[in-house]
Amino acid sequence: DARYAAASQGVMDFQKVTYRSSVGDIDIPAYLFQPLKKRGAQGHAAMIWVHGGVHGDWGTSMFPFVREAVQRGYVIIAPDYRGSNGYGAAHYNAIDYGGKELDDVFGAVDFLKTLPHVDSERVGMMGWSHGGFITAHLLFRGETPLKAGAAIVPVTNLIFRLGYKGPGYQRSFATQAGIRGLPHEQRAEYVKRSPLYHVEKLQRPILVHVATND
């Protein structure tokens, strides 16, 4: 946080914020990056930028890309959803892959609506790897307020994914409280948590870019 604050000084408006997960059970910390000079009411498009890693966090390596987006006029919010590193054991162990973590990220939409200079009709989302997985899920949720999204090399089918991964990787999913089992034991749960099976829920045209290898 201190490194972001120092690097943002005189470049963009940086804040560490929290908001309530849309499922309503925990507060989600997030990094908020905005132009120094706001354009006025609804003057800025916004993007929710979702970090990768099953147990990852928002790292400083993304700073150059965020700075460029902000210089182009975007407001960027980057949530550290449940399961992320750096917030203690309770936050880390609350991981819910393809479950409540989606609600954690989705809560950023309501937070952005509290910023008068953000146009809620121009909100997009992007993520890489696990961030792409979450992005794809939220794009395919049916009624979505998102205008566009980019899911870059996401996992799209957990049943297929766990079919070729080893026991250690499988265990990290099967032991989660919201899943409790492998795909052959909890198939319906894994289908629910796989973006591939929800594409047909799209109910209006939005711009979607998915680049994936599984």
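Visitor: Which residue forms a salt bridge with Arg20?

Guide: Asp27 does, and the closest N and O atoms are 3.1 Å apart. Here is the general idea. Side chains of opposite charge can pair when their charged atoms come close. The term salt bridge asks for a side-chain nitrogen of Lys or Arg within 4 Å of a carboxyl oxygen of Asp or Glu.

Visitor: What should I know about the model itself?

Guide: This is a predicted model: local features need pLDDT of at least 70, side-chain atom pairs count only at pLDDT 80 or more, and totals for chains, interfaces and linings use all residues. Residues are numbered from 1 along each chain as its sequence is written, and side-chain values use heavy atoms, with hydrogens and water left out.

Visitor: Are Arg20 and Asp27 buried, partly exposed or exposed?

Guide: Take the cut-offs first. Buried means under 20% relative accessible area, exposed means over 50%, and partly exposed lies in between (1.4 Å probe, protein chains only). Arg20 has 43% relative accessibility, so it counts as partly exposed. Asp27 is partly exposed too, with a relative accessible area of 45%.

Visitor: How many salt bridges does the structure hold?

Guide: It holds 11 salt bridges. One of them joins Glu68 and Arg72, at 3.2 Å from N to O. Glu68 is partly exposed, at 40% relative accessible area. Arg72 counts as exposed, at 59%. There is also a network of salt bridges, which links Asp25, Arg82, Lys100 and Asp104.

Visitor: Which residue forms a salt bridge with Asp13?

Guide: Lys38 does, with the closest N and O atoms 3.2 Å apart. Asp13 lies in strand β1 and Lys38 in the loop between β2 and β3, so the pair ties together parts that are 25 residues apart in sequence. Helices (H or I, at least four residues) and strands (E, at least two) are DSSP runs, numbered from the N terminus.

Visitor: What else is Lys38 in contact with?

Guide: Contact means heavy atoms within 4.5 Å. Leave aside the neighbours within four places in sequence, and Lys38 is in contact with Asp13, His44 and His117. Lys38 and His117 are 79 residues apart in sequence, with their C-alpha atoms 6.7 Å apart in space. Lys38 is partly exposed, with a relative accessible area of 30%.

Visitor: How do I read a helix such as α2?

Guide: Look at its faces. An α-helix has 3.6 residues a turn, so residues three or four places apart point the same way. In α2 (residues 63-71), the buried residues are Phe63, Val66, Ala69 and Val70. Seen down the axis, the buried residues of α2 fall within an arc of 125 degrees, so they line one face of the helix. That arc is taken from the directions from the helix axis to the C-beta atoms.

Visitor: What do the buried residues of α2 pack against?

Guide: They pack against α1 (2-8), β2 (27-34), β3 (44-50) and β4 (75-79). Just after α2, Gly73 takes a positive phi of about 105 degrees.

Visitor: How do I read aromatic pairs?

Guide: A pair of aromatic rings is described by the distance of the centres and the angle of the planes. Rings of Phe, Tyr and Trp (its six-membered ring) pair if their centres lie within 6.5 Å; planes under 30 degrees apart count as stacked, over 60 as edge-to-face and the rest as tilted. A search of the whole structure finds 12 aromatic pairs. Among them is the stacked pair of Phe14 and Tyr31, 6.2 Å centre to centre with 25 degrees between the planes. Phe14 is in strand β1 (residues 13-20) and Tyr31 in strand β2, 17 residues apart. Both are buried.

Visitor: Which aromatic residue pairs with Tyr19?

Guide: Phe111 does, in a tilted pair: 6.1 Å centre to centre, 35 degrees between the planes. Tyr19 lies in strand β1 and Phe111 in helix α4 (residues 100-113), so the pair ties together parts that are 92 residues apart in sequence. Both Tyr19 and Phe111 are buried. There is a cluster as well: Tyr4, Phe14, Tyr31, Phe33 and Phe63 form one aromatic cluster.

Visitor: Where does strand β6 sit, and how does it pair with β5?

Guide: Four of the five residues of β6 (residues 148-152) are buried, so this strand is largely enclosed by the rest of the structure. Strands pair if DSSP finds at least two bridges between them. β5 (residues 118-128) and β6 pair in the parallel sense over five bridges. In β6, Ala148 is the bridge partner of Gly124.
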